[in-house]
Amino acid sequence: MKALKVFDKVVCTAEEVIAAISLLAMCIVVFMAVVLRSIGIPFSISDELSRYLMIWCIYVGVAVATREKAHVGVDVLIQMLPEKVQKVLNIAVSFITLGVIVWLFYLTASWVWSTMQGNIQLTPLMKVPFYTVYISLPIGFGLSIIEQIKNMVKDIILVGKKDETKEEVSA
């Protein structure tokens, strides 16, 4: 169990560090481009580099948002239902969400794999393979799968414990 907690901490830290570094690097590139253009020095790769850094930030950030349960959702109707129905519905929605994330992982991983085969296309200005940008999608969705499973396990374990704590509080 301790090894699992260490693995969880490493994964969480890696997600946050990659997303933060991508965002910080993008801000620095855009700032440098503005400053250099204002003094007449072109920084031609800034647009391309900042776009690719933003893609990495977004798709790794998807996993962070999954862990924090920070994705947008409308739960007005769910809150009107009885508590037991809410719990069952939340678990069902978690399984459906997991299925969608697994499907997206499969689609993006097969797409990246196909771009790595045969004639490898390079980015226009930086001349790096496009799959270095595209690989952020299956990485982000793969990390989201891990985070969604962790959330589901926590929710299922806490279903019984929430009832016990509410009874203790009301007594």
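# Salt bridges, a patch and a pocket

Visitor: Is Glu-147 buried or exposed, and what is its relative accessible area?
Guide: Glu-147 is buried. That class means under 20% relative accessible area, exposed means over 50%, and partly exposed lies in between (1.4 Å probe, protein chains only). For Glu-147, the relative accessible area is 0%.

Visitor: What kind of model is this?
Guide: Residues are numbered from 1 along each chain as its sequence is written, and side-chain values use heavy atoms, leaving out hydrogens and water. Local features need pLDDT of at least 70, side-chain atom pairs count only at pLDDT 80 or more, and totals for chains, interfaces and linings use all residues, for the model is predicted.

Visitor: Which residue forms a salt bridge with Glu-147?
Guide: A salt bridge is a side-chain nitrogen of Lys or Arg within 4 Å of a carboxyl oxygen of Asp or Glu. Here the closest N and O atoms are 3.8 Å apart, and the partner of Glu-147 is Arg-67. The pair links distant parts of the chain, 80 residues apart: Glu-147 sits in helix 6, and helix 2 holds Arg-67.

Visitor: How many salt bridges does the structure hold?
Guide: The pair of Glu-16 and Arg-67 is one of them. The structure's total is nine.

Visitor: How much accessible area does the nonpolar surface patch have?
Guide: A patch joins residues with over 30% relative accessible area and no salt bridge: like charges within 9 Å, nonpolar side chains (Val, Leu, Ile, Met, Phe, Trp, Tyr) within 5 Å. Met-32 belongs to it, is in helix 1 (residues 2–38) and is partly exposed at 35%. By the Shrake-Rupley method with a 1.4 Å probe, Leu-24, Ile-28, Phe-31, Met-32 and Val-35 together have about 470 Å².

Visitor: Which helix gives the most to the lining of the largest pocket?
Guide: On a 1 Å grid, a pocket is an open set of points where a 1.4 Å probe fits, with protein on both sides within 12 Å along at least five of seven lines; lining residues have an atom within 4 Å of a point. The largest pocket has 31 of them, and Lys-69, Asn-90, Val-93, Ser-94 and Asp-155 lie nearest its centre. Helix 2 (46–68), helix 3 (76–80), helix 4 (83–116) and helix 6 (136–170) each supply at least two. With ten residues, the top contributor is helix 4.

Key. Helix = DSSP H or I, 4+ residues; strand = E, 2+ residues; numbered from the N terminus.
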